[in-house]
Amino acid sequence: MEQYSSKSETPKSLMENLLGLLRVRVKRGVNLAVRDVRSSDPYVVLKMGKQKLKTRVIKKDVNPEWNEDITFSVLDPNLPIILIVYDHDTFSKDDKMGDAEFEISPFIEALRTNLTGLPSGTVISRIQPSKENCLADESCITYTSGKVIQDMILRLQNVECGEVEIQLHWIDLPGCKGL
């Protein structure tokens with residue numbers, strides 16, 4: 001009997017290459033574009049590499065509160081995450097309501113720092129809005145209750161208005177490569 005030996009196919013090798021899980025909390029949208037008569041039915045799609053996940057649709061609201069967690073398996077911390085907001089339409093193709101892209105590398109760098117003994121609420125790093133990112137405001141990476149968290153307000157691009165607030169949180173998995 002021939003032994004199956006393709007490394008890329010075995011679950012064990014996935015765990016060996018997996019750094020951990022990135023939980024993206026999609027908190028809310030602010031002043032999103034109107035795509036229906038007086039409102040929109042927005043939802044968010046997040047993409048990282050080949051992974052693509054989405055939030056639920058919130059009906060008739062340009063300031064939706066999702067408070068929904070999306071979890072990515074991180075194999076390559078250099079891959080950007082693309083966030084796209086859509087307006088759900090029943091009888092036609094969903095309308096795009098803007099997009100944003102963000103890097104997780106500053107967050108990963110903060111996770112790799114020795115944080116032992118830091119008081120809760122310590123700001124590890126601050127990222128300023130610039131032409132190179134989609135930040136609407138300063139983004140802080142903080143050490144809170146033993147966890148590293150990054151809050152971001154992303155200004156949507158390719159649309160007349162709108163921002164999406166998100167939060168990054170790391171989950172270490174036993175048996176994976178880790179940071």
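**Entry 1: strand β5**

I began with the pairing of β5 and strand β6 (residues 95-102), which run antiparallel over six bridges. I counted two strands as paired if DSSP finds at least two bridges between them. Helices (H or I, at least four residues) and strands (E, at least two) are DSSP runs, numbered from the N terminus. In this pair, Ile81 stands opposite Phe102 of β6.

The model is predicted, so I kept to its limits: local features need pLDDT of at least 70, side-chain atom pairs count only at pLDDT 80 or more, and totals for chains, interfaces and linings use all residues. I number residues from 1 along each chain as its sequence is written, and side-chain values use heavy atoms, with hydrogens and water left out.

I then looked up what else pairs with β5. Strand β2 (residues 42-48) does, in the antiparallel sense and over six bridges. There I noted Leu83 of β5 as the bridge partner of Leu46.

Is β5 enclosed or open? Five of the seven residues of β5 (residues 81-87) are buried, so the strand is largely enclosed by the rest of the structure. I use buried for under 20% relative accessible area, exposed for over 50%, and partly exposed for what lies in between (1.4 Å probe, protein chains only).

I went along strand β4 (residues 65-74) and found its side chains alternating. Trp66, Glu68, Ile70, Phe72 and Val74 point to one face and are buried.

β4 runs antiparallel to β1, and eight bridges join them. I found Leu22 opposite Phe72 of β4.

**Entry 2: two positive phi angles**

Most residues other than glycine have a negative phi. Asn67 is not a glycine, yet its phi is positive at about 45°. This residue sits in strand β4, and with 45% relative accessibility Asn67 counts as partly exposed.

Asn31 also has a positive phi without being a glycine, here about 55°. I located Asn31 in the loop between β1 and β2. Its relative accessible area is 44%, so Asn31 is partly exposed.

**Entry 3: the loop between β1 and β2**

I stayed in this loop for Leu32, which also lies between β1 and β2. At 2% relative accessibility, Leu32 is buried. What does Leu32 touch, leaving aside its neighbours within four places in sequence? I list Pro42, Val62, Pro64, Trp66, Val85, Met97, Leu156, Cys161, Gly162, Glu163 and Val164. Contact here means heavy atoms within 4.5 Å. For Leu32 and Val62, I noted a C-alpha to C-alpha distance of 4.7 Å and a sequence separation of 30 residues.

Ser39 is in the loop between β1 (20-30) and β2 as well. It is buried, because its relative accessibility is 15%. A polar atom of the Ser39 side chain lies 3.5 Å from the backbone oxygen of Lys60. With neighbours within four places in sequence left aside, I found Ser39 in contact with Val34, Lys60, Asp61 and Val62.

**Entry 4: Leu75**

I placed Leu75 in the loop between β4 and β5. Its relative accessible area is 44%, so Leu75 is partly exposed. I also looked up Leu75 and Gly178, which are 103 residues apart along the chain but have C-alpha atoms separated by 9.8 Å.

**Entry 5: the chain as a whole**

I finished with the totals. The chain has two helices and 10 strands, in the order α-β-β-β-β-β-β-α-β-β-β-β along the sequence. Its C-alpha atoms fill a box of roughly 60 × 55 × 30 Å along the principal axes.

Of the 179 residues, 41% are buried. I took contacts between residues at least 6 apart in sequence, and 58% of these join residues at least 24 apart.

How values were computed
Polar contact = N/O pair within 3.5 Å; in protein donor to acceptor, adjacent residues only side chain to side chain.
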